[in-house]
Every structure is written in structure tokens, then in C-alpha cells.
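Thanks for coming. I have one structure to go through today, so please look at it with me.

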Amino acid sequence: MGSGKSRPQPDPNAQKVAFQQCVKTECVVLARRLMAEKSAASVSARFGMEQKGSTMAHHGISPAHNNVAQRQRVTGRDMLDCERRCAQLHWPAAEKEPWIGGVALEMAAVPSDSFSGTRADLK
């Protein structure tokens, strides 16, 4: 006969907090790298010397085939894998949620302290 005691159910709030902490420590660095790569690609495309109909376009070479785009895809996959690992370890019910893959990007977009992005940084 069993002891009648069942295993306690994990606290969903504690799981969520542990997941968020994992993403913050493990995945946000990847999100920041991805954001920087996308920004660099945007600036390059905007201010690049290549004109419509020029050599690269004529030969069918598009930005999707260059090294920058490849790095973005790799970093994006790494970030998604990182968030999934954090979910598997800390909040298994969240692993298949559609927002997995966007948590680190959202965290990376928030200033790390209350003074970031203000004139106080210039003093």
C-alpha cells in the first residue's frame, strides 16, 4: 500500500520566474547579437554602394545569400534553441508556445537600467 502522499505539483509562477531568469542569463546575449546583426545589415543595405540593376543584382546575388544573412539565421536558431532549453529545464508547459523565440528579443530591447537611453547617460 502507498503512503497516500502524492508528489506536490510544481508552482507555475516559480517555473515562469526560473524560465525568465534562464533566458536572461543564457539567451539575451544571443538576442542582442541578432539585433546588432540586423541593424548592421540594415545600415549596409541603406548606405551601400550597390545600385539597382548593377553587378550583384544582375548576377542574382541577393542579401539573403550573403554572410550577414547567414549569421543572422544561425544566431536566430541559436537563440530559439536557447529559449527552448530554458523552457525544457524550468517550464516544460511553455516549450511549445508560439512566443518561444521572442522572449529574449523582448528582454534585450528593454534598457538594463532605468537611466539607459536618457540624457543622464551623457553627463
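Setting aside residues up to four places away in sequence, Cys86 touches Phe19, Cys22, Val23, Glu26, Cys27 and Trp91. Contact here means heavy atoms within 4.5 Å.

Before going on, some ground rules. This is a predicted model, where local features need pLDDT of at least 70, side-chain atom pairs count only at pLDDT 80 or more, and totals for chains, interfaces and linings use all residues. Residues are numbered from 1 along each chain as its sequence is written, and side-chain values use heavy atoms, with hydrogens and water left out.

How confident is the predictor? pLDDT is its confidence in each residue, from 0 to 100. The mean pLDDT of the protein is 77, with 63% of its residues at 70 or more. Helix α4, residues 103-109, has the highest confidence, at a mean of 93, and helix α2, residues 55-58, the lowest, at 52. Helices are DSSP runs (H or I, at least four residues), numbered from the N terminus. Over residues 113-123 the pLDDT is below 50, and that stretch has four contacts in the model beyond near neighbours in sequence.

Now the core. A nonpolar core is a set of buried Ala, Val, Leu, Ile, Met, Phe, Trp, Tyr and Cys residues joined through side-chain atoms within 4.5 Å. Buried means under 20% relative accessible area, exposed over 50%, and partly exposed in between, using a 1.4 Å probe and protein chains only. The largest core has 18 residues, and Cys86 is among those with the most contacts inside it, as are Phe19 and Ala104. Helices α1, α3 and α4 each supply at least two of its residues; α1 gives the most, with eight.

Next, Trp91, in the loop between α3 (67-90) and α4. Which residues does Trp91 contact, leaving aside neighbours within four places in sequence? They are Pro12, Gln15, Lys16, Phe19, Cys86 and Trp99. Trp91 counts as buried because its relative accessibility is 17%, whereas Trp99, at 35%, is partly exposed.

On to the rings. Rings of Phe, Tyr and Trp (its six-membered ring) pair if their centres lie within 6.5 Å; planes under 30 degrees apart count as stacked, over 60 as edge-to-face and the rest as tilted. The structure holds three aromatic pairs. The Trp91 and Trp99 rings have centres 5.7 Å apart and planes at 40 degrees, so this pair is tilted. Ring pairs link Phe19, Trp91 and Trp99 into a cluster.

Last, Gln15, in helix α1, residues 12-47. Gln15 is buried, at 19% relative accessibility.

Terms used:
pLDDT is the predictor's confidence in each residue, from 0 to 100.
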